[in-house]
Amino acid sequence: MKWTEGIDKLGLGLYLLLCIFAVANIYSVDEGLGKKQLIFFGISLFVGLIIFFSRSKFFENMSGIIYIGGVLLLIGLFPFGKEILGQKNWYKFGSFTMQPVEFAKIGVALMLANYVSGQEFNLKNRKSLLTTLAIVGIPAVVVLAIPDVGSLLVFTAFFIALYREGLSGWLFGIGFLFASVFLLSLAIDPMYVVVAILIISGILIFLNFYKMSWNIISISSIAGSIILLCGLAFATPYVLGKMPKHQRERIEVLYKGEKAFRDTSGYNLLYSKTAIGSGGMWGKGYREGSVTQGKFVPEQETDYIFCTVGEEWGFAGSAILVFCYMVFIGRIYYLAEQQKSSFNRVFGYSFASILLMHFSINLGMVMGLFPTVGIPLPYFSYGGSSLLAFSVMTFIFFKLNYTDKNSLV
């Protein structure tokens, strides 16, 4: 048997393609940053080789230590963190910076996989459910306290992995319902939202009146849910009013349009759309984008790197990039489902879901479908922390997959 048998060549090829194309686009924005990203890419490959030639059981055995280390790094931001762009979520060492939340996600994915793969795990058991929620919730609460809302949203990706392992789909429905009420209450008068909640609730109760078991528990649950939803509707404008001005405007941009905030929070989005739209079908050509080369879009080498692709490579290039991401993420999900080890499967689902959340939120930001929350495009946005963290997860999963394919069990 050849030692290369078991290496997922499609996944590895897409990873290399995304990273190389990313370096080229960052270089187009800023030559110095492009050269730095190439160095980060080289470091990531070196670390990847170390991971690949290590024992796969190492990650399972060390998951607890890696998890605790990630949480401690997050907590350490409060006394030692460096504030950049209004958020104290970086460590600064001379000219280098490190964002620990990117590495904390690795620890959560490994710890979650370790616990879920245990023989006593059963999501129908209250202890198991609370423990899994604590594994995800502890670092999520720290991230919320920083505050880093974008990274907090990414932590919801772990619930996709838990859903695969038996988590009730009702939790997703409840989350979607509360999110819908929150967003509607931002766009229209909360009183209209409350009236809609009461009418819809009344209709559902009427249609299911004889099917439900009416007791103190069911009545309390229904009444409590309606009160919570109505309370959320009324509280939303208050919460929005207490937010810092730049965060409030980022949300209001979705409803009022970027032109209403063209000199503040809508500036990035306005020029991002301009850059993407000006690329047309085939783009203006590499390093020929007027918006990109004029540096009109702030953070265009990081969170808004996709607008560079849209302007220089056009709709065709953007579509190919999106297709590559979809195939890569789908490939990770497919390989995760094929794993004989439940540890490998849970880690694979967690990894693919993190990629999916980053990809969806980032593209939503640059196209005005989602508020700007500072989420990098995996492998593509400039930054050593992000590239190294995603590369580590990539090579850990490829190593686990390689061991699984060569296992006789």
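Here are a few notes on this predicted model, starting with how to read it.

1. Residue numbers start from 1 along each chain as its sequence is written. The model is predicted, so to speak of local features pLDDT must be at least 70, and side-chain atom pairs count only at pLDDT 80 or more, while totals for chains, interfaces and linings use all residues; side-chain values use heavy atoms, leaving out hydrogens and water.

2. Let's begin with the main core. A nonpolar core here is a set of buried Ala, Val, Leu, Ile, Met, Phe, Trp, Tyr and Cys residues joined through side-chain atoms within 4.5 Å, and buried means under 20% relative accessible area (1.4 Å probe, protein chains only). The largest one has 89 residues, and Phe-347, Tyr-379 and Ile-396 touch the most other members. Helix H17 (residues 342-366) gives the most to this core, 14 residues. Helices are DSSP runs of H or I, at least four residues, numbered from the N terminus.

3. What does Phe-347 touch, leaving aside residues up to four places away in sequence? Its contacts (heavy atoms within 4.5 Å) include Ala-109, Leu-110, Met-393 and Ile-396.

4. Now for helix H14 (residues 267-278): at 1.5 Å a residue, its 12 residues should span 16 Å, and the end C-alpha atoms are 16 Å apart, which agrees. The expected span is 1.5 Å times one less than the number of residues. Buried residues in H14 include Asn-268, Leu-269 and Ala-275. After H14 comes Gly-280, with a positive phi near 60°.

5. Finally, Thr-302 sits in the loop between helix H15 (290-293) and helix H16 (305-338). Thr-302 counts as buried because its relative accessibility is 14%.

Key: Helices (H or I, at least four residues) and strands (E, at least two) are DSSP runs, numbered from the N terminus. Buried means under 20% relative accessible area, exposed over 50%, partly exposed in between (1.4 Å probe, protein chains only).
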